[in-house]
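Please examine the structure shown below and follow its helices and aromatic rings in turn. The paragraphs after it proceed from the whole chain to single contacts.

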Amino acid sequence: MGNLMLKYDVEKMYTVGFISILLRLLFSYSDIIQPPGAVDSLLLGVFVVCMLLVLIEEELTRFQIFAVVALGVLCAYSYTKMDNYYLLVTYFCMAASKGINLNYVLGWSYKVRATVLTVHVAAYIFTLITNPESIEYVYRYGVLRHSFFMSHANTFSMFLIWTIFEYLYVNYEKLNVPRLVIVALINATLNYFTLSTTNTIISVVVLVLIVMEKFIPKWKMGIVRWFVKYAYAILGVFFCLISVYYTQFNSTLLSMYNWLNDFFTGRLIYGAYMYDKYGATIFGNTLALRDKDYWKGYWFNGIACDNAYMWHLVSFGLIFLVILSLLFLAVGKNISRKDAIFLSVYSMYAITEIYVTNAVFCFSLIVLAQYAFNIDYKEKFQLRLYIQEPTEEGADGRGGLS
């Protein structure tokens, strides 16, 4: 009973910390909810204290303690190099997640997100009707996009889609056709105004995968599991290489690159630009932002590289790209069917957004960490003096987390 009570208390502590930093991040991107600096600092302090208390109570093996401490030191060092606290937030959320019921945490998270987003949508509609001249509109290639009082249309779209994903994850067993249709309609309606291509593609992929998993039980999801295991590393290598070698492309490769860059709405050229200007980094680097710069026939207004793989190359540090790739490789075989969907979509989302580096925004990293904690590393890496036949344990996905 004591252990159950301890777990319950720790779970609540983790949730309080998670919601505190979530609110801080939501407010930091809001144009209408801007609490005083003291509240901002309080929310950050609550997050740090709660996560430290959870870490203290966590039951870890010696190897896990070493890994958690080493990773914490690495993240802290990288923070001093680039002055971006996303990695520290992600570290705490992942490191403190062992034994936490993620459904409980995300149950609170999606409700808080939905409430904040609803306030923004309602305020935006009211202002659009009563005082439309006061709204600063966002345009892409001359097409109007609505940000709903978030910093950018893409920012609102990111919060929207991952709020929906949290709802789908928490209520996965209860999902049916009517619920999925309602979710799709809400997302499509709001995305009609934000015009986020990423939202459209990723949401369709997730909904299709959920329908196939729930209504086609004989489907083995082998391709999805393969994608979870290898996609992050493959995509990381690919996008880093095309950034590094862009200036050496011949006409054919350059033509293919330009097509791909146009497909991703100009995101890729930023990676090549930043690498040429600032080079690669292993442990992190602060980029000197420029208001306007001309390079290789392109004008750059600051830096807006919305590709997480390229951002690891020039800012966050390649070491974290390697660590995440290894974690995906290690857990890819034994994940449940539900988790396979939300882990696979993470690697896809990283192509067009850097928000994925923050585990509070995109919970897939916490799922990844929980699987990593459950790996028997002693069994996995010890030398054998006898031959053991491979096991199929976990192949059907039933050995993963709920």
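Of the 402 residues of the protein, 49% are classed as buried, where buried means under 20% relative accessible area, exposed means over 50%, and partly exposed lies in between (1.4 Å probe, protein chains only). The model is predicted, so that local features need pLDDT of at least 70 and side-chain atom pairs count only at pLDDT 80 or more, while totals for chains, interfaces and linings use all residues. Residues are numbered from 1 along each chain as its sequence is written, and side-chain values use heavy atoms, with hydrogens and water left out.

The secondary structure comprises 16 helices and four strands; these are DSSP runs, with helices (H or I) of at least four residues and strands (E) of at least two, numbered from the N terminus. Among the contacts in the protein with a separation of 6 or more, 77% join residues 24 or more positions apart, a contact being heavy atoms within 4.5 Å.

Consider next how helices pack. Helix H6 (residues 153-170) and helix H8 (residues 197-215) have axes 10 Å apart and pack at an angle of about 10 degrees. Here the axes are lines fitted to C-alpha atoms, for helices over the stretch in contact, and angles run from 0 to 180 degrees between N-to-C directions. That angle makes H6 roughly parallel to H8; the term applies under 35 degrees, whereas over 145 counts as roughly antiparallel, 65 to 115 as roughly perpendicular and the rest as oblique. From H6, Ser157, Leu160, Ile161, Phe165 and Leu168 meet Asn199, Ile202, Ser203, Val206, Leu207 and Ile210 of H8. The residues of this contact divide into eight nonpolar, three polar and no charged. In this classification Ala, Val, Leu, Ile, Met, Phe, Trp, Tyr, Cys and Pro are nonpolar, Asp, Glu, Lys and Arg are charged, and the others, Gly among them, are polar.

Which residues make the contact between H9 and H11? The axes of helix H9 (residues 222-244) and helix H11 (residues 268-278) come within 8 Å and cross at roughly 60 degrees, which makes H9 oblique to H11. Phe239, Ile242, Ser243 and Val244 of H9 touch Leu268, Gly271, Ala272 and Tyr275 of H11. By class, this contact has six nonpolar, two polar and no charged residues.

H11 also packs against H10, at an angle of about 115 degrees and with the axes 8 Å apart. In that contact, Tyr257, Leu260 and Asn261 of H10 meet Leu268, Ile269 and Ala272 of H11. Thr265 sits in the loop between helix H10 (251-263) and H11, and is partly exposed at a relative accessible area of 26%. Its C-alpha atom is separated by 9.2 Å from that of Thr352, 87 residues apart along the chain.

Finally, turn to the aromatic rings. A pair of aromatic rings is described by the distance of the centres and the angle of the planes. The structure holds 45 aromatic pairs; rings of Phe, Tyr and Trp (its six-membered ring) pair if their centres lie within 6.5 Å, with planes under 30 degrees apart called stacked, over 60 edge-to-face and the rest tilted. Phe165 and Phe342 form an edge-to-face pair, 6.1 Å centre to centre with 70 degrees between the planes. Because Phe165 lies in H6 and Phe342 in helix H14 (residues 337-349), the pair ties together parts that are 177 residues apart in sequence. Both Phe165 and Phe342 are buried.
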